[in-house]
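Subject: Structure handover

Hello,

Here is the structure you asked for. Please open it next to this email and follow along; my notes come after it.

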Amino acid sequence: MEQVPHYPLFVVITHGLNILFVTLLMRSGVEVLSSMPKLYWSDGCPPGREWLRLSGKNFGGDSRRPWVSLDEEESWHPVIALPGRKNLGVGRHWHFLTVPFWILTGAVYVAMVFVSGYWSYLVPTHWSIVPQAIRDIGTYLHFQLAPQLPGQPFDAAQKLTYFGVVFVLAPLQIASGVAMSPAMLARFPWYGRLFGGKQGARSVHFLGLCAMLAFVVVHLFMVVVHGIPGEFAKIFLGSEDGDRVLATVVGSLTLLAVVIVHVGATVYSRIDPRRTQRLLGKLVHRFEHMLSRLGRSRQHYRRRDISEYHRVNGYPPTDMGYRQLAADGFGGYQLPVGGLVDHPVTLSLPELARLGMTRQITNHNCIQGWNGIAEWGGVPLSALIDLVQPSKSVSHIVFYAMDDKALTEGRGRYGYFYEAVPIAIARQPQALLALEMNGAPLPIEHGAPLRLRLESQLGYKMVKWIKAIEFVDGIADIGMGQGGYREDQLYYGSSPGI
Ligand SMILES: Nc1nc2c(c(=O)[nH]1)N[C@H]1C(S)=C(S)[C@@H](COP(=O)(O)O)O[C@H]1N2
Ligand SMILES: [Mo]
């Protein structure tokens with residue numbers, strides 16, 4: 001009697017949630033892509049060697065015109081990007097906020113698939129499904145509907161596709177996403193190498209997005225071809241026998257709700273990016289904090305891994321004071337270190353170097369998506385911390401820079417660059433005050449005479465052209481109180497391990 005298989009309730013619910021989460025991930029992912037719309041297969045991202053460039057701008061050809069990676073950012077429309085228009089910081093917040101919910105939905109779904117016996121509809125058990133699926137595709141191409149598998153709700157092509165999406169594509173997106181996190185790359189460089197490095201992972205993640213988009217388009221097309229009322233009855237009410245009118249109403253309302261969430265998220269993010277950054281940040285930071293406790297980061301790349309080319313982000317200071325310092329080889333440079341410490345000091349470069357130089361070959365990850373491997377030489381921050389003896393109440397170390405963004409970046413930005421670093425991250429073994437890059441004194445564009453290296457964090461935390469260091473017991477009164485210049489002005493997250 002019972003000819004039409006029913007969809008269990010868990011399928012109806014997780015499918016609905018998946019529509020919401022996958023579309024949020026897609027739009028926020030496109031926002032992230034817009035900040036560096038270029039894809040590479042090899043780490044280092046040498047300009048001109050991208051396999052895909054979604055931008056008319058092309059930098060690097062003319063070395064007489066200096067450029068930085070923020071110049072590569074594109075402004076994409078809010079219809080395709082969440083929230084759109086150069087909002088990488090907020091876009092990332094949406095992406096990482098959605099990830100745990102999407103993974104949870106997927107985990108519940110997969111567990112229920114096996115517990116309920118629904119797996120027999122989803123998991124192919126015989127190779128014969130492959131030729132069958134090919135025949136089905138041929139049938140569709142002849143504008144006819146392919147037959148369902150006996151006693152099952154899907155035809156062979158459909159079953160194989162769903163299996164691929166659930167058990168191949170989704171895990172691949174999760175795995176390649178993880179392979180881009182600086183905290184993960186720092187702790188487990190071998191994991192990044194599985195994808196051919198961070199850029200390989202980025203490219204795979206992008207191709208995964210394309211595959212997911214292609215799936216969604218064909219999937220929607222098939223729903224229309226098979227007839228919306230009947231298909232809506234299956235997936236929103238659980239059975240084809242359901243009331244068609246009711247199904248159309250329920251389905252349309254569900255889709256409308258998804259659209260409303262998207263519009264709401266977009267409008268809210270654009271009207272009040274600061275509150276969006278703070279609200280979403282609460283969850284995202286907890287996630288990042290967990291990552292930062294996942295063992296210690298110790299990167300040891302080989303000399304031959306060093307990138308032939310290392311992008312620059314942030315234009316050097318332009319003022320006379322800096323130019324004069326540079327003109328005499330930074331001989332007159334003095335670094336004041338103070339705040340809540342027992343022994344405030346002011347150090348010249350040779351005095352600093354006497355605290356003990358080390359070298360490390362590590363991978364730099366910019367928030368925009370590029371990376372580069374270089375050897376950095378300098379003094380471990382822990383040596384400086386031991387020298388000045390911070391008081392117990394110290395929570396962060398603030399690094400003030402010499403570049404005034406009003407002069408170097410413009411675009412309505414203002415104030416000197418700075419970043420505050422939680423003391424626990426500053427104590428990590430590879431946290432360095434670097435004086436050298438690839439065996440030579442730091443070049444001007446990479447932060448001469450002194451820059452920060454924090455190998456488990458994103459690039460913007462690694463202040464270049466350091467002017468002074470202050471130990472503090474809170475960040476609320478510094479800058480706009482978000483923990484750093486990029487956090488203040490671009491709504492990036494603070495202490496970013498992903
Ligand atoms: N003072 C200062 N430090 C800075 C920046 C800046 O604009 N000013 N940009 C940051 C960003 S976003 C990145 S990715 C790295 C880039 O380092 P690099 O130019 O040596 O590659 O520097 C960071 N440190
Ligand atoms: Mo960056």
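I begin with one residue. Ala81 counts as buried because its relative accessibility is 0%, and the cut-off for buried is under 20% relative accessible area. Please keep in mind that this is a predicted model.

Ala81 sits in the loop that links β2 (52-53) to α2 (88-116). Which residues does Ala81 touch, leaving aside those up to four places away in sequence? They are Arg27, Val30, Glu31 and Trp76. As for distance, Ala81 and Lys405 are 324 residues apart along the chain, and their C-alpha atoms are separated by 27 Å.

Now the chain as a whole. The protein chain has 498 residues, and 53% of them are buried. Its secondary structure comes to 17 helices and 12 strands. Along the principal axes, the C-alpha atoms fill a box of roughly 90 × 40 × 40 Å. If you take the contacts between residues at least 6 apart in sequence, 71% of them join residues at least 24 apart.

An unreviewed UniProt entry lists "transmembrane region" for residues 6-26, 94-119, 160-185, 206-225 and 245-268. I looked at two of these spans in the model:

- Residues 160-185 are 88% helix and 0% strand, with the end C-alpha atoms 33 Å apart.
- Residues 245-268 are 100% helix and 0% strand, with the end C-alpha atoms 34 Å apart.

Strand β12 covers residues 466-472 and is mostly covered, with five of its seven residues buried. Which way does strand β3 (residues 334-339) run against β12, parallel or antiparallel? The two run parallel and are joined by three bridges. Within this pairing, Gly339 has Phe471 of β12 as its bridge partner.

Strand β7 (residues 396-404) also pairs with β12, this time in the antiparallel sense and over six bridges. Here Ile397 stands opposite Phe471 in β12. To see both pairings in the viewer, find Phe471 and look for Gly339 and Ile397.

β7 pairs with β8 as well, again in the antiparallel sense over six bridges. In that pairing, Tyr400 has Tyr418 in β8 as its bridge partner. Why is β8 described as largely enclosed by the rest of the structure? Strand β8 spans residues 416-422, and five of its seven residues are buried, so the description follows from that count.

Ser348 belongs to strand β4 (residues 345-348). The relative accessible area of Ser348 is 13%, so this residue is buried, since buried means under 20%. Leaving aside residues up to four places away in sequence, Ser348 touches Tyr333 and Gln334.

That is what I have for now.

Regards

Technical notes. Residues numbered from 1 in each chain as written. Chains lettered and ligands numbered in written order. Predicted model: local features only at pLDDT ≥ 70, side-chain atom pairs only at ≥ 80, totals over all residues. Heavy atoms only, no water. Buried < 20%, exposed > 50% of the residue type's maximum accessible area, 1.4 Å probe, protein only. Helix = DSSP H or I, 4+ residues; strand = E, 2+ residues; numbered from the N terminus. Pairing = 2+ DSSP bridges. Contact = heavy atoms within 4.5 Å. UniProt positions renumbered as here; feature names shortened; annotations may be inferred.
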